[in-house]
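Here's a quick briefing on how some side chains pair up in one protein chain. Have a look at the structure first, then read on.

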Amino acid sequence: MASTDLPDTLRLSLLDRSRTRLGESHAAALEATLRRAERADALGFHRFWVAEHHSVPGIASGSPPVLIAAAAERTRRIRLGSGGVMVPNHRPMVIAEQFAMLEALHPGRIDLGVGRSLGFTAPVRAALGVEEYDDDAFTRDLSAVLDFLHGRGPVSAMPVIAEPPPVFVLAMGRGLEIAAQEGLPVVVGGSRLLADPAPLERYRADFRPGATAEPYVAVSLEVAIAEPTTAASSTTAASSTTAARELLVSEAWALAESRETGVFGPLRAPADVLGRRFRPQQVRRMEEWLGGAVYGDAGQVAEQLAVLVERTGADEIMASTSMYDRDALQRSDAALAALIR
(Lines give C-alpha, C1' and ligand atoms only; values in the text may rest on other atoms or scores of the structure.)
Protein backbone atom coordinates (compact mmCIF):
# COMPACT_ATOMS: atom_id res chain seq x y z
CA MET A 1 0.00 0.00 0.00
CA ALA A 2 1.45 3.33 -1.01
CA SER A 3 1.66 6.41 1.17
CA THR A 4 -1.05 8.05 -0.94
CA ASP A 5 -3.52 5.60 0.61
CA LEU A 6 -3.46 7.79 3.72
CA PRO A 7 -6.36 10.28 3.61
CA ASP A 8 -5.44 13.69 2.30
CA THR A 9 -7.20 15.21 5.30
CA LEU A 10 -5.14 13.25 7.86
CA ARG A 11 -3.04 15.42 10.13
CA LEU A 12 0.33 14.30 11.50
CA SER A 13 1.70 15.62 14.78
CA LEU A 14 4.39 14.87 17.36
CA LEU A 15 4.33 14.44 21.14
CA ASP A 16 7.70 14.83 22.84
CA ARG A 17 8.10 13.95 26.52
CA SER A 18 11.64 15.31 26.91
CA ARG A 19 13.06 11.85 27.56
CA THR A 20 16.48 11.81 29.15
CA ARG A 21 19.32 9.53 28.07
CA LEU A 22 21.57 7.71 30.52
CA GLY A 23 24.25 10.11 31.73
CA GLU A 24 22.58 13.15 30.18
CA SER A 25 21.40 16.25 32.03
CA HIS A 26 17.76 17.28 32.08
CA ALA A 27 18.76 20.61 30.56
CA ALA A 28 20.17 18.75 27.54
CA ALA A 29 16.92 16.79 27.17
CA LEU A 30 14.88 19.99 27.22
CA GLU A 31 17.11 21.61 24.61
CA ALA A 32 16.67 18.51 22.42
CA THR A 33 12.90 18.92 22.72
CA LEU A 34 13.15 22.50 21.52
CA ARG A 35 15.37 21.52 18.58
CA ARG A 36 12.87 18.83 17.66
CA ALA A 37 10.08 21.40 17.75
CA GLU A 38 12.06 23.56 15.31
CA ARG A 39 12.48 20.61 12.94
CA ALA A 40 8.80 19.63 13.28
CA ASP A 41 7.86 23.17 12.29
CA ALA A 42 10.09 23.01 9.21
CA LEU A 43 8.84 19.52 8.25
CA GLY A 44 5.20 20.62 8.20
CA PHE A 45 3.80 18.70 11.17
CA HIS A 46 0.45 20.03 12.37
CA ARG A 47 1.14 20.06 16.14
CA PHE A 48 4.00 19.62 18.55
CA TRP A 49 2.97 18.75 22.09
CA VAL A 50 4.91 18.38 25.33
CA ALA A 51 4.04 16.53 28.52
CA GLU A 52 3.70 16.93 32.29
CA HIS A 53 5.46 14.46 34.58
CA HIS A 54 6.75 15.05 38.08
CA SER A 55 9.84 13.60 39.77
CA VAL A 56 10.42 11.08 36.97
CA PRO A 57 14.17 10.58 36.31
CA GLY A 58 13.56 9.68 32.68
CA ILE A 59 11.44 12.73 31.81
CA ALA A 60 12.60 16.34 32.13
CA SER A 61 9.27 18.03 31.38
CA GLY A 62 7.32 19.05 34.48
CA SER A 63 5.79 22.36 33.34
CA PRO A 64 4.10 22.29 29.92
CA PRO A 65 3.23 26.02 29.77
CA VAL A 66 6.84 27.06 30.31
CA LEU A 67 8.17 24.61 27.73
CA ILE A 68 5.44 25.58 25.23
CA ALA A 69 6.40 29.24 25.62
CA ALA A 70 10.04 28.39 24.87
CA ALA A 71 9.05 26.31 21.83
CA ALA A 72 6.80 29.08 20.53
CA GLU A 73 9.70 31.51 20.50
CA ARG A 74 11.73 29.10 18.35
CA THR A 75 9.04 28.12 15.83
CA ARG A 76 7.00 29.91 13.22
CA ARG A 77 3.66 28.25 12.37
CA ILE A 78 3.24 24.87 14.08
CA ARG A 79 0.56 24.49 16.75
CA LEU A 80 1.96 23.90 20.25
CA GLY A 81 0.26 22.30 23.19
CA SER A 82 0.17 19.91 26.10
CA GLY A 83 -0.29 16.17 26.15
CA GLY A 84 -1.36 17.02 28.69
CA VAL A 85 -1.75 19.30 31.65
CA MET A 86 -2.79 17.07 34.55
CA VAL A 87 -5.78 18.86 36.01
CA PRO A 88 -5.52 17.40 39.55
CA ASN A 89 -2.25 19.27 40.04
CA HIS A 90 -3.56 22.76 39.25
CA ARG A 91 -6.47 25.06 40.00
CA PRO A 92 -8.76 25.51 36.97
CA MET A 93 -8.32 29.28 36.91
CA VAL A 94 -4.53 28.93 36.87
CA ILE A 95 -4.69 26.50 33.92
CA ALA A 96 -7.00 28.89 32.05
CA GLU A 97 -4.79 31.92 32.70
CA GLN A 98 -1.60 30.13 31.67
CA PHE A 99 -3.04 29.05 28.33
CA ALA A 100 -4.84 32.33 27.76
CA MET A 101 -1.46 34.00 28.22
CA LEU A 102 0.15 31.66 25.68
CA GLU A 103 -2.70 32.26 23.23
CA ALA A 104 -2.43 36.04 23.64
CA LEU A 105 1.30 35.90 22.91
CA HIS A 106 1.05 33.36 20.06
CA PRO A 107 -2.49 33.68 18.66
CA GLY A 108 -3.88 30.73 16.76
CA ARG A 109 -1.02 28.39 17.68
CA ILE A 110 -1.89 27.06 21.15
CA ASP A 111 -3.70 23.86 22.24
CA LEU A 112 -4.64 22.76 25.75
CA GLY A 113 -4.67 19.01 26.26
CA VAL A 114 -5.88 17.90 29.70
CA GLY A 115 -5.74 14.63 31.64
CA ARG A 116 -6.49 13.36 35.12
CA SER A 117 -3.44 11.26 36.07
CA LEU A 118 -1.98 11.63 39.54
CA GLY A 119 1.71 11.45 40.41
CA PHE A 120 3.65 8.28 39.60
CA THR A 121 4.29 7.33 43.25
CA ALA A 122 2.73 8.05 46.64
CA PRO A 123 5.51 10.50 47.68
CA VAL A 124 5.02 12.44 44.43
CA ARG A 125 1.27 12.58 44.96
CA ALA A 126 1.85 13.83 48.50
CA ALA A 127 4.27 16.50 47.23
CA LEU A 128 1.67 17.64 44.69
CA GLY A 129 -0.98 17.74 47.41
CA VAL A 130 -3.44 15.42 45.64
CA GLU A 131 -3.94 11.97 47.11
CA GLU A 132 -7.29 11.12 45.50
CA TYR A 133 -9.03 12.25 42.34
CA ASP A 134 -11.83 10.67 40.33
CA ASP A 135 -13.74 11.22 37.10
CA ASP A 136 -16.39 13.33 38.83
CA ALA A 137 -13.71 15.70 40.11
CA PHE A 138 -12.16 15.84 36.65
CA THR A 139 -15.53 16.63 35.05
CA ARG A 140 -16.11 19.44 37.54
CA ASP A 141 -12.63 20.93 37.10
CA LEU A 142 -12.70 20.60 33.31
CA SER A 143 -15.99 22.49 33.19
CA ALA A 144 -14.43 25.21 35.34
CA VAL A 145 -11.42 25.47 33.00
CA LEU A 146 -13.78 25.86 30.03
CA ASP A 147 -15.84 28.47 31.86
CA PHE A 148 -12.77 30.56 32.69
CA LEU A 149 -11.43 30.31 29.12
CA HIS A 150 -14.76 31.35 27.63
CA GLY A 151 -15.44 34.19 30.05
CA ARG A 152 -18.15 32.38 32.01
CA GLY A 153 -16.28 32.01 35.31
CA PRO A 154 -17.22 33.67 38.59
CA VAL A 155 -14.25 36.00 38.04
CA SER A 156 -12.33 36.93 34.90
CA ALA A 157 -9.27 34.89 33.94
CA MET A 158 -6.61 37.19 32.54
CA PRO A 159 -5.63 37.99 29.91
CA VAL A 160 -8.98 38.19 28.15
CA ILE A 161 -8.60 36.72 24.65
CA ALA A 162 -10.80 36.82 21.59
CA GLU A 163 -10.56 33.11 20.77
CA PRO A 164 -9.75 30.54 23.51
CA PRO A 165 -7.35 27.73 22.56
CA PRO A 166 -9.01 24.39 21.74
CA VAL A 167 -9.21 21.95 24.66
CA PHE A 168 -8.49 18.25 24.06
CA VAL A 169 -9.32 15.48 26.55
CA LEU A 170 -6.88 12.62 27.02
CA ALA A 171 -8.90 9.41 27.08
CA MET A 172 -8.12 8.37 30.66
CA GLY A 173 -10.82 6.82 32.81
CA ARG A 174 -14.12 8.13 31.45
CA GLY A 175 -12.33 10.64 29.25
CA LEU A 176 -14.19 9.71 26.07
CA GLU A 177 -17.55 9.97 27.80
CA ILE A 178 -16.66 13.31 29.37
CA ALA A 179 -15.36 14.69 26.07
CA ALA A 180 -18.58 13.67 24.31
CA GLN A 181 -20.65 15.41 27.00
CA GLU A 182 -18.60 18.61 26.78
CA GLY A 183 -18.30 18.57 22.98
CA LEU A 184 -14.49 18.32 22.95
CA PRO A 185 -11.89 16.54 20.79
CA VAL A 186 -10.05 13.55 22.25
CA VAL A 187 -6.59 11.98 22.20
CA VAL A 188 -6.55 8.19 22.53
CA GLY A 189 -3.74 5.64 22.79
CA GLY A 190 -3.45 3.63 19.57
CA SER A 191 -3.10 0.19 21.14
CA ARG A 192 -6.48 0.56 22.86
CA LEU A 193 -8.14 1.31 19.55
CA LEU A 194 -6.57 -1.62 17.76
CA ALA A 195 -8.00 -3.92 20.42
CA ASP A 196 -11.46 -2.37 20.53
CA PRO A 197 -12.65 0.68 18.57
CA ALA A 198 -16.15 0.49 20.12
CA PRO A 199 -15.48 3.23 22.72
CA LEU A 200 -14.72 5.65 19.89
CA GLU A 201 -17.98 4.74 18.19
CA ARG A 202 -19.80 5.59 21.42
CA TYR A 203 -17.88 8.88 21.68
CA ARG A 204 -19.07 9.91 18.23
CA ALA A 205 -22.64 8.71 18.81
CA ASP A 206 -22.90 10.54 22.16
CA PHE A 207 -21.09 13.71 21.06
CA ARG A 208 -22.95 16.90 21.94
CA PRO A 209 -21.62 19.98 20.13
CA GLY A 210 -19.99 22.33 22.57
CA ALA A 211 -16.63 24.07 22.24
CA THR A 212 -16.29 22.14 18.97
CA ALA A 213 -19.07 21.36 16.53
CA GLU A 214 -17.97 17.87 15.47
CA PRO A 215 -16.22 14.95 17.17
CA TYR A 216 -12.48 14.84 16.56
CA VAL A 217 -10.09 11.97 17.30
CA ALA A 218 -6.31 12.11 17.52
CA VAL A 219 -4.60 8.73 17.93
CA SER A 220 -1.31 8.79 19.83
CA LEU A 221 1.19 5.94 19.46
CA GLU A 222 4.85 5.15 18.87
CA VAL A 223 5.87 5.38 15.21
CA ALA A 224 9.36 4.43 14.03
CA ILE A 225 10.57 4.48 10.43
CA ALA A 226 13.98 3.06 9.59
CA GLU A 227 15.93 1.84 6.62
CA PRO A 228 17.65 -1.58 6.45
CA THR A 229 20.92 -2.00 8.33
CA THR A 230 23.79 -4.33 7.60
CA ALA A 231 23.17 -6.08 10.91
CA ALA A 232 19.60 -6.97 10.00
CA SER A 233 18.37 -9.96 7.99
CA SER A 234 18.75 -10.37 4.26
CA THR A 235 15.36 -9.15 2.99
CA THR A 236 14.58 -5.46 2.81
CA ALA A 237 11.25 -5.73 4.64
CA ALA A 238 12.66 -7.76 7.52
CA SER A 239 15.73 -5.53 7.73
CA SER A 240 13.64 -2.37 7.99
CA THR A 241 11.32 -3.92 10.54
CA THR A 242 14.24 -5.14 12.64
CA ALA A 243 16.05 -1.81 12.49
CA ALA A 244 12.93 0.16 13.46
CA ARG A 245 12.06 -2.27 16.24
CA GLU A 246 15.54 -1.97 17.69
CA LEU A 247 15.14 1.80 17.85
CA LEU A 248 12.11 1.31 20.11
CA VAL A 249 13.55 -1.28 22.53
CA SER A 250 15.07 1.42 24.76
CA GLU A 251 11.61 2.75 25.62
CA ALA A 252 10.14 -0.76 25.84
CA TRP A 253 12.78 -1.72 28.39
CA ALA A 254 12.35 1.48 30.44
CA LEU A 255 8.63 0.74 30.78
CA ALA A 256 9.17 -2.93 31.65
CA GLU A 257 11.82 -2.05 34.21
CA SER A 258 9.63 0.62 35.79
CA ARG A 259 6.96 -1.99 36.53
CA GLU A 260 9.46 -3.76 38.78
CA THR A 261 11.42 -0.89 40.31
CA GLY A 262 8.81 1.86 40.44
CA VAL A 263 11.31 4.17 38.70
CA PHE A 264 10.88 5.24 35.08
CA GLY A 265 14.48 5.81 34.14
CA PRO A 266 16.51 7.39 31.34
CA LEU A 267 16.76 5.68 27.98
CA ARG A 268 19.62 3.24 27.53
CA ALA A 269 21.33 2.45 24.23
CA PRO A 270 19.63 -0.37 22.25
CA ALA A 271 22.83 -2.43 22.36
CA ASP A 272 22.79 -2.23 26.16
CA VAL A 273 19.16 -3.34 26.28
CA LEU A 274 19.49 -6.15 23.74
CA GLY A 275 22.60 -7.45 25.49
CA ARG A 276 20.62 -8.28 28.63
CA ARG A 277 19.13 -11.59 29.67
CA PHE A 278 15.43 -10.99 30.14
CA ARG A 279 13.08 -12.87 32.40
CA PRO A 280 9.89 -14.17 30.76
CA GLN A 281 7.76 -11.51 32.44
CA GLN A 282 10.05 -8.75 31.17
CA VAL A 283 9.87 -10.15 27.63
CA ARG A 284 6.08 -10.29 27.85
CA ARG A 285 5.82 -6.67 28.97
CA MET A 286 8.18 -5.46 26.26
CA GLU A 287 6.35 -7.42 23.58
CA GLU A 288 2.98 -6.08 24.74
CA TRP A 289 4.25 -2.52 24.46
CA LEU A 290 5.92 -3.08 21.08
CA GLY A 291 2.69 -4.67 19.87
CA GLY A 292 1.00 -1.28 20.17
CA ALA A 293 3.66 0.52 18.10
CA VAL A 294 3.89 1.07 14.35
CA TYR A 295 7.32 0.50 12.82
CA GLY A 296 9.13 -0.53 9.65
CA ASP A 297 10.17 1.28 6.48
CA ALA A 298 8.12 4.18 5.12
CA GLY A 299 5.84 1.96 3.03
CA GLN A 300 5.16 -0.46 5.86
CA VAL A 301 4.37 2.35 8.28
CA ALA A 302 2.07 4.03 5.77
CA GLU A 303 0.19 0.76 5.34
CA GLN A 304 -0.15 0.20 9.10
CA LEU A 305 -1.33 3.76 9.66
CA ALA A 306 -3.85 3.46 6.83
CA VAL A 307 -5.31 0.37 8.51
CA LEU A 308 -5.44 2.18 11.86
CA VAL A 309 -7.16 5.22 10.34
CA GLU A 310 -9.68 3.05 8.51
CA ARG A 311 -10.44 1.09 11.69
CA THR A 312 -10.77 4.11 13.97
CA GLY A 313 -11.75 7.01 11.71
CA ALA A 314 -8.86 8.97 13.23
CA ASP A 315 -8.59 12.59 12.14
CA GLU A 316 -4.99 12.87 13.31
CA ILE A 317 -2.00 10.70 14.15
CA MET A 318 0.20 12.00 16.96
CA ALA A 319 3.51 10.12 17.08
CA SER A 320 4.72 9.88 20.68
CA THR A 321 8.02 8.26 19.71
CA SER A 322 11.05 8.20 21.98
CA MET A 323 14.41 6.81 20.84
CA TYR A 324 17.85 6.77 22.41
CA ASP A 325 19.41 7.69 19.07
CA ARG A 326 18.30 11.24 18.34
CA ASP A 327 19.74 11.19 14.83
CA ALA A 328 17.59 8.13 14.06
CA LEU A 329 14.61 9.91 15.61
CA GLN A 330 15.22 12.92 13.36
CA ARG A 331 15.30 10.67 10.28
CA SER A 332 12.15 8.88 11.42
CA ASP A 333 10.31 12.18 11.92
CA ALA A 334 11.31 13.36 8.45
CA ALA A 335 10.16 10.11 6.83
CA LEU A 336 6.84 10.28 8.70
CA ALA A 337 6.21 13.87 7.63
CA ALA A 338 6.87 12.89 4.03
CA LEU A 339 4.02 10.36 4.04
CA ILE A 340 1.32 12.99 3.47
CA ARG A 341 3.21 15.75 1.69
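Which residue forms a salt bridge with Asp 111? It's Arg 47, and the closest N and O atoms of the two are 2.9 Å apart. Keep in mind that this is a predicted model. Side chains of opposite charge can pair when their charged atoms come close.

**Salt bridges between separate parts of the chain**

- Asp 111 sits in the loop between helix H3 (92–105) and strand S5 (112–115), while Arg 47 belongs to strand S2 (residues 47–50), so their pairing ties together parts that are 64 residues apart in sequence.
- Asp 111 and Arg 47 are both buried.
- Glu 24 pairs up with Arg 326 in another salt bridge, with 2.7 Å between the closest N and O atoms.
- Glu 24 lies in the loop between strand S1 (11–16) and helix H1 (26–43), and Arg 326 is in helix H13 (residues 326–337), so this pair ties together parts that are 302 residues apart in sequence.
- Glu 24 is partly exposed because its relative accessible area is 22%, and exposed would need over 50%.
- Arg 326 is partly exposed too, at 23%.

- Arg 35 and Glu 31 form a salt bridge whose closest N and O atoms are 3.7 Å apart.
- Both Arg 35 and Glu 31 lie in helix H1, four residues apart, which is about one turn of the helix.
- Arg 35 has a relative accessible area of 35% and Glu 31 has 29%, so Arg 35 is partly exposed and Glu 31 is partly exposed.

**The overall count and a network**

- The structure holds 24 salt bridges.

**Aromatic pairs**

- Searching the whole structure turns up four aromatic pairs.
- One of them is Phe 168 with Tyr 216, an edge-to-face pair at 6.3 Å centre to centre, with 80 degrees between the planes.
- That pair links distant parts of the chain: Phe 168 is in strand S6 (residues 167–170), and Tyr 216 is in the loop between helix H8 (198–206) and strand S8 (217–221), 48 residues away.
- Phe 168 and Tyr 216 are both buried.
- Tyr 203 and Phe 207 make an edge-to-face pair as well, at 5.8 Å centre to centre and 80 degrees between the planes.
- Tyr 203 is buried, with a relative accessible area of 2%, and Phe 207 is buried at 10%.
- Ring pairs also link Trp 49, Phe 168 and Tyr 216 into a cluster.

Key:
Residues are numbered from 1 along each chain as its sequence is written. This is a predicted model: local features need pLDDT of at least 70, side-chain atom pairs count only at pLDDT 80 or more; totals for chains, interfaces and linings use all residues. Side-chain values use heavy atoms; hydrogens and water are left out. Rings of Phe, Tyr and Trp (its six-membered ring) pair if their centres lie within 6.5 Å; planes under 30 degrees apart count as stacked, over 60 as edge-to-face and the rest as tilted. Helices (H or I, at least four residues) and strands (E, at least two) are DSSP runs, numbered from the N terminus. Buried means under 20% relative accessible area, exposed over 50%, partly exposed in between (1.4 Å probe, protein chains only). A salt bridge is a side-chain nitrogen of Lys or Arg within 4 Å of a carboxyl oxygen of Asp or Glu.
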